[in-house]
Amino acid sequence: DNSVDASTVSVYECIAINSLPVSKRGTLYQGAILDAQTMHEMAEYVNNGGSVPLHNLHDQDIALPVGRVFCCEVRTTFSGTTELRTLFYLPNSEVDLIAKLEANVVDEVSVGFLPKKIQCSKCGFDFLGSEATFENIWTLTCNNDHTIGEDGVHSKLSGLGQWMELSLV
């Protein structure tokens, strides 16, 4: 049973991710664009009972979760972008973290997820595909010499491989 006594938690809404370029310099995610279909897959995963823990600063390797994502919805904005809205809760015992959320000291989130494909925007080379090597990932360069972060090259993210966590940052 995944039910939670609503009187014991505080609930918040956030935009987990959107279709605007990701700002993660020096990685395959620099300028990356997540497609709308993957956001729908993420929402479906959570709304069908999939567990996405809420962490603080991506500390899932060293700390227990501080809360949980429990509902998602994909929306189109007035400007035409797509966003994944999520509801998450924290136990009311997380007094310090709740105070920081309420005071907007902590007001951003970041997703920890792995797409099924990370494709070069110029040629479609998949950095997670069978032809990709560690060198492609290390140098951010596909087999056609397109480098992420140079000359407008970015990656296109598609398919939900795994959604490990949502972090307060």
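Before you select anything, one term: a residue is called buried when its relative accessible area is under 20%, exposed when that area is over 50%, and partly exposed in between, using a 1.4 Å probe and protein chains only. Phe127, for example, counts as buried at 1% relative accessibility.

The model you have open is predicted, so local features need pLDDT of at least 70, side-chain atom pairs count only at pLDDT 80 or more, and totals for chains, interfaces and linings use all residues. Residues are numbered from 1 along each chain as its sequence is written, and side-chain values use heavy atoms, with hydrogens and water left out.

**Stop one: strand β3**

Select residues 52-56, which make up strand β3. Helices (H or I, at least four residues) and strands (E, at least two) are DSSP runs, numbered from the N terminus. Is β3 largely enclosed or largely open? Four of its five residues are buried, so the rest of the structure largely encloses it.

Strand β4 (residues 67-76) runs antiparallel to β3, joined by three bridges; look for Pro53, whose bridge partner in β4 is Arg68. With strand β7 (residues 155-168), β3 pairs in the parallel sense, again over three bridges. There, Asn56 stands opposite Leu168.

**Stop two: Ser167**

Stay in strand β7 and pick Ser167. This serine is buried, with a relative accessible area of 0%. Its side chain meets that of Glu165 in a polar contact of 2.4 Å. A polar contact is a pair of N or O atoms within 3.5 Å; within protein, one must be able to donate a hydrogen and the other to accept it, and residues adjacent in sequence count only if both atoms are side-chain atoms.

Which residues is Ser167 in contact with, leaving aside neighbours within four places in sequence? Show His55, Asn56, Leu57, His58, Glu108, Val109 and Ser110. Contact here means heavy atoms within 4.5 Å.

**Stop three: helix α2**

Next, select residues 95-102, helix α2, and colour the buried Leu97, Ile98 and Leu101. They cover an arc of only 100° around the axis, which puts them on the same side of α2; the arc is that of the directions from the helix axis to the C-beta atoms. The buried residues pack against β1 (9-18), β3, β5 (82-91) and β7. Turn to the face away from that buried side to find the exposed residues Val95, Asp96 and Glu102. Just after the helix, Asn104 takes a positive phi of about 60°.

**Stop four: aromatic rings**

Rings of Phe, Tyr and Trp (its six-membered ring) pair if their centres lie within 6.5 Å; planes under 30 degrees apart count as stacked, over 60 as edge-to-face and the rest as tilted. By this rule the count comes to four aromatic pairs. One of them is Phe125 with Phe127, edge-to-face at 5.2 Å centre to centre and 90° between the planes. Phe125 is buried, at 8% relative accessibility.

Another is Phe134 with Trp138: their ring centres are 6.0 Å apart and their planes at 25°, so this pair is stacked. Being four residues apart in helix α3 (residues 134-139), they are separated by about one helical turn. Both Phe134 and Trp138 are exposed.

Notes. Pairing = 2+ DSSP bridges.
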